[in-house]
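Reader: I would like to learn how to read a few features of a model, one at a time. Please give the general idea and then the case at hand.

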Amino acid sequence: MQLPLSRRGFLVASAGAAAALGAAAPAQAAPGPRPFGRYGSPAARLTPTTLYVDPRGRGDHTTVQSAVTAATGRGWTLVLAPGTYRETVAVDPTRTDMTWLGAGDDPRDVVIVYDNAAGTPKPDGSGTYGTTGSATTTVRADGFTARRITFANDWLRADHPGVSGTQAVAIKVTGDRSAFHHCRFLGHQDTLYADTNSLTVFARQYFAHCYAEGDVDFVFGRATAVFEHCHFRTLTRTDLGSAPYGFVFAPSTAGVNPLGYLVTRSRVSSEAPDAYYKLARPWVPSSDRTARPMLTVRDSVLGPGIDAVAPYANMSNDYPWQSQRFAEYRNTGPGATISVPENRPQLTPEQAASATRAAHLGDWEPWKEDC
């Protein structure tokens, strides 16, 4: 059973976007809301390397993937008209410095969504998709930027009770210098996969003014990623009767990488009962037993959904969280209360001075491009 978007809140369109999502119209439509908003129209191109995508046929392409396929080389811009794009999309490593711009006023106006899970059988009978293959959107190219777009996976456990592989990724990002501004990431388990292309390659990623929701490990991977002014929301669950329902972060930082995830000036809220979620657990994958997961959460608000007494848990008893690189600094809110100090490792002011976006991202300064 496919879950209608309206039931999950994936698409809450503005008036202009709602008009663009109405019944199909001829290419020469009557005057009305412009599908590309501030980005003009295909007739008035931004640059020779701009492609316009519109599911109603009023652009260069009707699907995101067809536009990506056409954009060979580097430096392309894709302008996405308001609408729902039900498809999987993959950006290979050769398409560097690509930008996707949602033409709506809100990331809810442009939604890229599909419903594969790790346990979903492939159509060709060659097995199941696995976690990586479940991703609605996969970005492997360096220099990728997205603005005002929702990336979603609407696969639900309740609709597939016989499937054990319940990981369902909304987006997997592995390229260096990947930036997301005012974007949304919606799913349940493994929503946002912030990773790298290989163990020996670092990938810097930046998420500003973004929203991510889920239940189990819904922000995870080995990237060096900064989340600034972001909102993380934990979902309620009807299939479990006791805590914990899940975990917000599951970093798998390579041991050779000095920096993992930094969450700063952000907040965590919850639909679930108080203290039913852990803030994080370390992921040491079978492909890299030398991983030393790193997460720093600082200057953020942790709501009552986070278990303040024991906010961290183990994914494997062979790799206890206490042996990893978890730390906090100057957090507030009910979920940040320090009642058992040994369960809440804190940075000193001197250590905090080095736990910054500049330290994580080096000479790349994507926050200067935020809007």
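Reader: Which residue stands opposite F220 in β19?

Author: A250 stands opposite F220. Before going on, note that this is a predicted model, in which local features need pLDDT of at least 70 and side-chain atom pairs count only at pLDDT 80 or more, while totals for chains, interfaces and linings use all residues. Residues are numbered from 1 along each chain as its sequence is written, and side-chain values use heavy atoms, with hydrogens and water left out.

Reader: How many bridges join strand β16 to strand β19?

Author: Strands of a sheet pair through backbone hydrogen bonds, either parallel or antiparallel. Two strands count as paired if DSSP finds at least two bridges between them; strands (E, at least two residues) and helices (H or I, at least four) are DSSP runs numbered from the N terminus. Here 4 bridges join β16 (residues 216-221) to β19 (residues 246-251), and the two run parallel.

Reader: In what order do the strands of the open sheet come?

Author: The order of the 7 strands is β4-β7-β10-β13-β16-β19-β22, with parallel pairing. At the edges stand β4 (89-91) and β22 (277-280); each has a single partner strand, so one side of each is left without a neighbour in the sheet. Neighbouring strands are turned by 10° against each other on average, direction ignored. Such angles are taken between lines fitted to C-alpha atoms (for helices over the stretch in contact), and run from 0 to 180 degrees between N-to-C directions.

Reader: Where does UniProt place the feature "domain: Pectinesterase catalytic"?

Author: The unreviewed UniProt entry places that feature at residues 53-339. UniProt positions follow the numbering used here, feature names are shortened, and annotations may be inferred rather than shown by experiment. Over residues 53-339 the chain is 4% helix and 34% strand, with the end C-alpha atoms 52 Å apart.

Reader: How many salt bridges does the structure hold?

Author: Side chains of opposite charge can pair when their charged atoms come close. The rule asks for a side-chain nitrogen of Lys or Arg within 4 Å of a carboxyl oxygen of Asp or Glu, and the structure holds 20 salt bridges. One of them joins R204 and D363, at 3.3 Å from N to O. R204 lies in strand β14 (residues 204-208) and D363 in the segment after α6 (357-361), so this pair ties together parts that are 159 residues apart in sequence.

Reader: Is D363 buried or exposed?

Author: Buried means under 20% relative accessible area, exposed over 50%, and partly exposed in between (1.4 Å probe, protein chains only). D363, at 71%, counts as exposed. D54 is in a salt bridge with R58 (3.1 Å, N to O), and at 1% D54 counts as buried.

Reader: How many aromatic pairs are there?

Author: Rings of Phe, Tyr and Trp (its six-membered ring) pair if their centres lie within 6.5 Å; planes under 30 degrees apart are stacked, over 60 edge-to-face, and the rest tilted. The count comes to 22 aromatic pairs. For Y193 and W283 the ring centres are 6.3 Å apart and the planes at 55°, so the pair is tilted. Y193 lies in strand β13 (residues 192-194) and W283 in the loop between β22 and β23 (294-298), so the pair ties together parts that are 90 residues apart in sequence. At 7% relative accessibility, Y193 counts as buried.

Reader: How do Y245 and Y276 pair?

Author: Their pair is edge-to-face, 4.8 Å centre to centre with 85° between the planes. Y245 counts as buried at 7%, whereas Y276, at 21%, counts as partly exposed.
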